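Here are my notebook entries from an afternoon of looking things up. Have the viewer open and follow along.

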Amino acid sequence: MPMDIRLNDILELKKQHPCGSKEWLVLRVGADFRIQCTGCGHRVMTPRVKLEKSIRKITRKEDV
Ligand SMILES: [Zn+2]
């Protein structure tokens with residue numbers, strides 16, 4: 001079962017970015033994800049399989 005990750009979700013990863021932030025914004029979903037560090041704005045493309053393993057928590061701001 002793939003994890004439920006959607007656009008604009010905030011992902012808390014297990015490993016923190018060199019800038020000190022662990023939170024990443026989801027910019028694109030698919031076989032490859034594009035995520036942006038909320039600390040420094042750095043963007044990366046990463047395969048879903050690899051990304052799922054590094055996620056600690058998913059925060060959805062759009063939840064009502
Ligand atoms: Zn960063």
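How many helices and strands does the protein chain have? I found one helix and five strands. I took both as DSSP runs (helices are H or I with at least four residues, strands are E with at least two), numbered from the N terminus.

Before going on, I noted that this is a predicted model, where local features need pLDDT of at least 70, side-chain atom pairs count only at pLDDT 80 or more, and totals for chains, interfaces and linings use all residues. Residues are numbered from 1 along each chain as its sequence is written.

**Entry: order of elements.** I read the protein chain from the N terminus and got β-β-β-β-α-β.

**Entry: the sheet.** I looked up how the strands sit together and found an open sheet of five, in the order E4-E3-E2-E1-E5, with antiparallel pairing. I counted two strands as paired if DSSP finds at least two bridges between them. Strands E4 (43-47) and E5 (55-59) are at the edges; each has a single partner strand, so one side of each lacks a neighbour in the sheet. From one strand to the next, the twist averages 35° (axes are lines fitted to C-alpha atoms, for helices over the stretch in contact, and angles run from 0 to 180 degrees between N-to-C directions).

**Entry: around E1.** I then followed strand E1 (residues 10-13), which pairs with E5 in the antiparallel sense over four bridges. On its other pairing, E1 is joined to strand E2 (residues 23-28) by three bridges, also antiparallel. Leucine 11 has isoleucine 58 as its bridge partner in E5 and tryptophan 24 as its bridge partner in E2. Leucine 13 is opposite isoleucine 55 in E5.

Entry: In the segment before E1 I came across asparagine 8. Its phi is positive, about 75°, although asparagine 8 is not a glycine. Is asparagine 8 buried or exposed? Asparagine 8 is exposed, as 11 other C-beta atoms lie within 10 Å. My cut-offs were buried at 20 or more other C-beta atoms within 10 Å, exposed at 12 or fewer, and partly exposed in between, with C-beta atoms placed from the backbone.

**Entry: the whole chain.** Of the 64 residues of the protein chain, 9% count as buried. The radius of gyration is 11 Å, which agrees with the value near 11 Å for a compact globule of 64 residues (taken over C-alpha atoms; the globule rule is 2.2 Å times the number of residues to the power 0.38). Along the principal axes, the C-alpha atoms fill a box of roughly 30 × 30 × 20 Å.
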